[in-house]
Amino acid sequence: MATKRKKASPKRKSVRPENGSHMITVAVNGRKFTRAVEPRVLLVDFIRDDLRLTGTHVGCDTSHCGACTVLLDGRAVKSCTMLAVQADGREITTIEGLSEHGRLHPIQEAFKAHHGLQCGFCTPGVVLAALELLRVENAPSEDRIRTAISGNICRCTGYQGIVDSVAAAGEMMRPRKG
Amino acid sequence: MQPHSFDYVRPQTLARAIQVLSENGNRAKVLAGGQSLIPVLKLRLANPRVLVDINDVPGLAFIEERGDQLRIGALSRHRDFEQSKLIREKYPIFSDVASVLGDPQVRNLGTIGGALAHADPASDWGTALLAFKAELTARGPNGARTIPIDRFFKDPFTTALRSSELLTEIRIPKSKAGDGGAYLKLKRKTGDFATIGVAVQLGLDAKRNVAGARIALASVGPRPIRAPGAEKALVGRKAGPTAFADAAKMASEEAHPTSDLRGSEEYKRAMIEVFTRRALETATARAGR
Amino acid sequence: MAQTTKVFGESVLRKEDDRFLTGRGNFVADMLPPGTVFAKFVRSPYAHARIGSINTAKARRLPGVLDVLTAQDLKDQVGDIITAWAIPNANLKTPAYPPLAREVVRYAGEAVAVVVAESPFIAENALDLVEVEYDSLPVVTDVETATKKGGAPIHGDAPDNVAFKWTLAGGDVDKAFKEADVVVSQRFVNQRLQPTAMEPRAAIAQFEPGTRELTLHVTSQNPFVHRLVLSIVLKYPEHLIHVIAPDVGGGFGSKIPVYPWEAIVCHLAMRLGRPVKWVEDRMENYVATTHGRDHVQYVDLAAKKDGTILGIRARVLANLGAYLSTAAPGIPTILFGFMVGGCYAIQAGRVEVTGVFTNTTPVDAYRGAGRPEALFLLERIVDILARKLKKDPADIRRKNFIPADKFPYATAMGLTYDSGNYAGTLEKALDKVGYEKLRKEQAEGRRKGKLMGIGLSTYVEICGLGPSAVVTSTGFAGGLWGASTVRLHPTGKATVYTGGHPHGQGEETTFAQIVGEELGLPVVDVDVVHGDTKLTPYGQGTYGSRTTAVEGGSIALSARKVKDKARKIAAHLLEAREEDLEFTDGKFVVKGSPKAAKTIQEIAWAAYMAGNMPKGVEPVLDATTFYDPTNFVFPFGCHICVVDVDRETGQVKIRRYVAVDDVGNQINPMIVEGQVHGGVLQGLAQAMLEQSVYDENGNLLTNSLIEYLVPTALEAPRIETDSTVTPSPHNPLGVKGVGETGTIASSQAYVNAVCDAVGVDHIDMPITPEKVWRVLQKK
């Protein structure tokens, strides 16, 4: 099955104001933001510094730790390994976008119920990486879960609480029968 | 760790992309998945004047059989291979690659074209494609040309691509009955580069004799290499333990690994032998003969 | 309204979780006060060099750069960094530890200059413009080469690079070795590690000229320690320094020390009159944040041929790095030497530790801090003995355990273990793993060439730091009492102010459980405040698994004081005698008259109104306790690791990992289990993957997550946990500690298993597949 990459919509050419910045419009957690940004600015820094959404964290320099993971058009990506200008016309979900009207998303409830976090620093990234999996597979095997979060490093939990939380979240997210 | 400043262009057509590359020569870098490029920029190991983001260029992401070939668009993401039924069923060697390369986030963005053009000596994709008579299409200001995979990798991080060219497509002969392949990667942990990697693609006839064999090795020198002696040791023989043992031994002697933090030369050589044998076993099982 | 009474011992869900799960944690790097400027450090690429000249002119001229400072600019403004653990009777050398290098750099990564600019990008660009001339000097990174006689020492006042020589002895060691039927000896390397808390360190300093107050937000496990040390280093009045550690993303010991960069950021804020922010990146963290472990150990064990252990000797070279960090001298001595007897009734022991300076990053506490180094060597040498005597490693341990009826037990090395039942955890673990069946499988498998191994690890460790008289006698610059205030507000809600500073361990929940249990309050009505020197009583912070036992112990005592006072007020209001009152479900009830009752909330209001108080009782339900424990606490347990080895590649797969731990009473079993999981994986990571590697020029090759191998979920085994409960007799709650036990037990469980599988005395960590392969090749 050939897969086609989802095209950014609407298609825009990057416009260049005088100082080398580009105007970009990014939808973050359902809200559109239009900002001028230099091409060198990493997406994670744009999210944290420009948009002041500091739930997405920086834990390393070499794209290993996954603390910066966000969803880009539904796919888990490391926002430290993307430029903000690449997000022009795209949709981003950060951890702040999961709960609605103050109610926790099932995956957040599950992490709480199964002790899926300790210091909380890796948590936003690992929750979003797991969410990508659960949106396509709501009864993943333990091996599938561990693989889905293998791009996220946690130093506190030993991963077991995280794995159990993700499995529980899958159960909670399964459509109720009858 | 922030990159130096650079200009950024996101062309909407292949022609425009090539034009920008030609205008800037080696002051331009192509941005596809960015999973190799952006870390390099962050560590300030490269300082390009302009980044050419080709993600909007249409027609570069596909995995399909056409005629007597499997044709792969250079912008296909690693995860596309993980999820492709065609790949899983007929070209499982590429499922192997996709599953041992990077991690899920890297696989969502990283592309096969980017991995090939980056030309790491440990390149999983480069090694796996070397196990095929693969042809790479490069498009430049003077049109398209075909580069055979055997001539694509030159030195670490250096390929036969000119600075004005874009890698657009990879073609390999279509899989036929009796074909089987496997890619095995020895790594210290998830996300690590290959300590060693072995790619094997076999063609077996109805009697289980090896009609064709290609063996390629990762992390054994400045670029992925074939093991022609090991290949010769297989052709014409019955696929089985004796032939595999001979081929595996030859492959370990043809490789030139160096001692580093991932392992000593001695260990790497020994592992090439073990992994070649295991890859041959898996490839044979997949050939279904 | 129904109130939760039985909450101690329940797996109450964590109160901390909501903010972290919604991205509303408040980490230092998230803060951006108005007008903030950004600092970055120029760090030496050379491990040992004389500094010629430093030319900052180009950097200063870069638009957006506010200042560039070198050691010269800090003279008389920022003093040298001090160590807080000057161990006595060890001839300890304390060479100068300048905040910015003066004349000589001694490790690659040492800061030579600091740049301050309007943005992090400009600051980073300015780093390249600072021109430093270096004249390289000879480099030494390993302890054995560093201590060879005759070389030029790294510090003039420490010949042969010896920082200290410390000895601990008990019993008659010479007699033990003379009378032994068998002596086994082994050299162990407990390799250097990089703690890798996921949050890199950061600091924001602000100075308010109107009040002369210096405020520092910093990634610290112990804000009061920072305040005290900074007052000395900055020569600034302690009461005008306000240190806040907000949410901290893991520490594992690496956020205990006071670092030069933290002091410099404070100085810059005072100098520039603007908030100064510094955030390290991971590469900087790896060279400039303290490392852990790094011992070379020569160990001998003397035993009778029936397996009775008579004595143990350990001669250790401990790498301290280029400078003495805050707690460094005490880690490989006090927290190490006293525990080399472990769970066994060994009557004689001698430990000699030489602390060594090398041209490497300073070494300090890392999860376990001295105890993993001790229990590793012990459990390994015991297995080597078992192998030599052809005895079952479980039998050797049983034979030598301190019996359960002998506690409190005075060890030959000079400690009194508070309580223990080592056979209990061993038997439980053996049963859980199915030991007999596994040994049978192993024997049969061997005949077919299968390599399977079972590794036992029993441990007891010293934590709940600690009794002040003892710790200060070891040279630690501070009593380690626990401090708390428990305060009930007029409406009956409570706030607990604690001297601990959890950074993942869950005390915002467990401390609420303690108070909830004592005072019959719902956990949701109890708020726990920590990490702010202006809000809490003086707190020594969170490390050494002290928070639950010592800070929690203090909270229990404060809560009981509040309850006692409430009882007096209740008796007064109910016109009854105190002894006629029962306290259940948050109510004081007159025995036999259920309608005659006062809720704790009513008492809180009454105490606030203070219109009708018993004689001699002050208003308000509020109590503070400084609790000085009478002893350390000694958690213990048994871990078992089962592995299968791929004979062709040397790769090891963990088939099972069983952990049976006894941490005394458990406030929250879910949180206890989480601590075991995390601790176990860090110990396994040392055994399987992690190692700091220096090249011959003193460059740290493992300076990023590419080469420093930290496990992902795919490298982590499933850990089966269980427990026994043997309370600590001297602790107000009967609790011990659990934050480090997993790490103290697991490395040797793994190594014992692999050595058992391949039939060899020892393989040094990290056990790479190649090391296993080489052993198998030899056979």
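Q: How do D646(C) and R278(B) meet?
A: Their side chains form a salt bridge, 2.9 Å from N to O. The term covers a side-chain nitrogen of Lys or Arg within 4 Å of a carboxyl oxygen of Asp or Glu. Bear in mind this is a predicted model: local features need pLDDT of at least 70, side-chain atom pairs count only at pLDDT 80 or more, and totals for chains, interfaces and linings use all residues. Side-chain values use heavy atoms, without hydrogens and water, and residues are numbered from 1 along each chain, with chains lettered from A in the order written.

Q: How many salt bridges cross the interface of chain C and chain B?
A: The rule finds 8.

Q: And how much area do chain C and chain B bury between them?
A: About 2,200 Å², with 51% of it on carbon and sulfur atoms. That's the accessible area (1.4 Å probe) that two parts lose on being put together, summed over both.

Q: Switching to rings, what does R43(C) lie over?
A: The face of W261(C), at 4.1 Å from the ring centre. R66(B) lies over the face of F62(B), at 5.7 Å. The rule wants NZ of Lys or CZ of Arg within 6 Å of the ring centre and within 35 degrees of the ring normal.

Q: Is F27(C) buried or exposed?
A: F27(C) is buried, at 1% relative accessible area, and F121(A) is buried too, at 4%. Buried means under 20%, exposed over 50%, partly exposed in between (1.4 Å probe, protein chains only).
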